[in-house]
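Reader: Please take a close look at one helix and what surrounds it. Give me the cut-offs as you go, and keep it brisk.

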Amino acid sequence: MSNTIAVYNFKGGVGKTSTTLSLAYSWSRAFKVLVIDCDPQANLTQAFTDQDHSETLFTITKKLLHNDQPKIEPLEIHPYLHLIPGDFHMTSMESNTEFISFGHIIFYKLLSSIRHDYDLILLDCPTHFGITVKSFIANINSILIPSTPGSFSVSGFKKLLQYLSEVKKDKPLEIIGIFFNQYRKNTLFHQRIVREAEQELGDLILDQRIRESIRVSEANEQNESVYSFTDESAVAEDFLKLSEEIIERMNRVNLDEALNLIKGEKVKG
Ligand SMILES: Nc1ncnc2c1ncn2[C@@H]1O[C@H](COP(=O)(O)OP(=O)(O)OP(=O)(O)O)[C@@H](O)[C@H]1O
Ligand SMILES: [Mg+2]
């Protein structure tokens, strides 16, 4: 049975898509991985492939809403890495009354029909905390939260945990933790933000940071992974270490514990 992990933050441009892409490539060296592009922008899909896709998250959702039992056949990026592509039309689902009522059941059906085929299922989520994100959160095990030193605040993180806790779930959501992306280690400002975050949130901050590197944008643009560049890429090493740290951390802190950890803390804006 696979572990299902959403890469989510309600802040935009923090590296949700780039992280999903790199973790997927990294883990697919050892595990069978499925990636679901939940974002109607479909940036992740475009980063994987320029191919057209007849079956997307939208077409699958539509069939499930009509009570069809679609045979779900994700796109093969390579034998250990599969993708359910994103689709702009998914935006229309956010105002579909049936999806609003039954989205969590639809995604339960979707995930239960495929989760036995994979070791890990990774979800690249849109920024908007709408029905799509909530319905997936209701059905997954864990959440990984990318942040950047420039956009991070403890109060923002606390608000995010509160949003997440309002989603009804059968099992507690595991908080894998927050990690800092686009980190510049020689910048005093970045050092201070990370130090303060670690002081306030302790174990919820992952040790590994991802440096700022043009390689990330180049990889996205060239349908490649950061690991495919022939020169030694430091940012690829960062992502590899992050993927190892996450595997080690899995099943450590659930959402209630995370909320308790920050409860009563002096919150900084
Ligand atoms: N470590 C990094 N170094 C340099 N650029 C980065 C890094 N991580 C991400 N980027 C760039 O920052 C931009 C935003 O990254 P990305 O699309 O992964 O964020 P996102 O959170 O998925 O954004 P959105 O909220 O639009 O979905 C992209 O242009 C990406 O190439
Ligand atoms: Mg994105």
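Author: **Helix H3 and its surroundings**

Asn 67 follows helix H3 and has a positive phi, near 65°. Helices here are DSSP runs of H or I with at least four residues, strands are E runs of at least two, and both are numbered from the N terminus.

The model is predicted: local features need pLDDT of at least 70, side-chain atom pairs count only at pLDDT 80 or more, and totals for chains, interfaces and linings use all residues. Residues are numbered from 1 along each chain as its sequence is written, while chains are lettered from A and ligands numbered from 1 in the order in which they are written.

H3 covers residues 57–65. Its buried residues are Leu 57, Ile 60, Thr 61, Lys 62 and Leu 64. Buried means 20 or more other C-beta atoms within 10 Å of the residue's own; exposed means 12 or fewer; partly exposed lies in between, with C-beta atoms placed from the backbone.

What do these buried residues pack against? Two strands, S2 (33–37) and S4 (81–84), are partners. So are two helices, H4 (90–93) and H5 (97–114). A contact is a pair of C-beta atoms, placed from the backbone, within 7 Å.

Between H4 and H5 lies a loop, and Glu 94 is found in it. Glu 94 is partly exposed because 16 other C-beta atoms lie within 10 Å. Leaving out residues up to four places away in sequence, Glu 94 touches Gly 130, Ile 131 and Thr 132.

Val 33 is among the residues with the most contacts inside the largest nonpolar core. That core has 71 residues. A nonpolar core is a set of buried Ala, Val, Leu, Ile, Met, Phe, Trp, Tyr and Cys residues joined through C-beta atoms within 7 Å. Leu 122 is another of its most connected members. Beyond its neighbours within four places in sequence, Leu 122 contacts Val 33 and Val 35, as well as Ile 5, Val 7, Thr 20, Leu 23 and Ala 24.

Now the whole chain. The protein chain has 11 helices and seven strands. Its radius of gyration is 18 Å, close to the 18 Å from the globule rule for 269 residues, so the chain is as compact as a globular protein of that length. The radius is taken over C-alpha atoms, and the rule is 2.2 Å times the number of residues to the power 0.38. Of the 269 residues, 42% count as buried.
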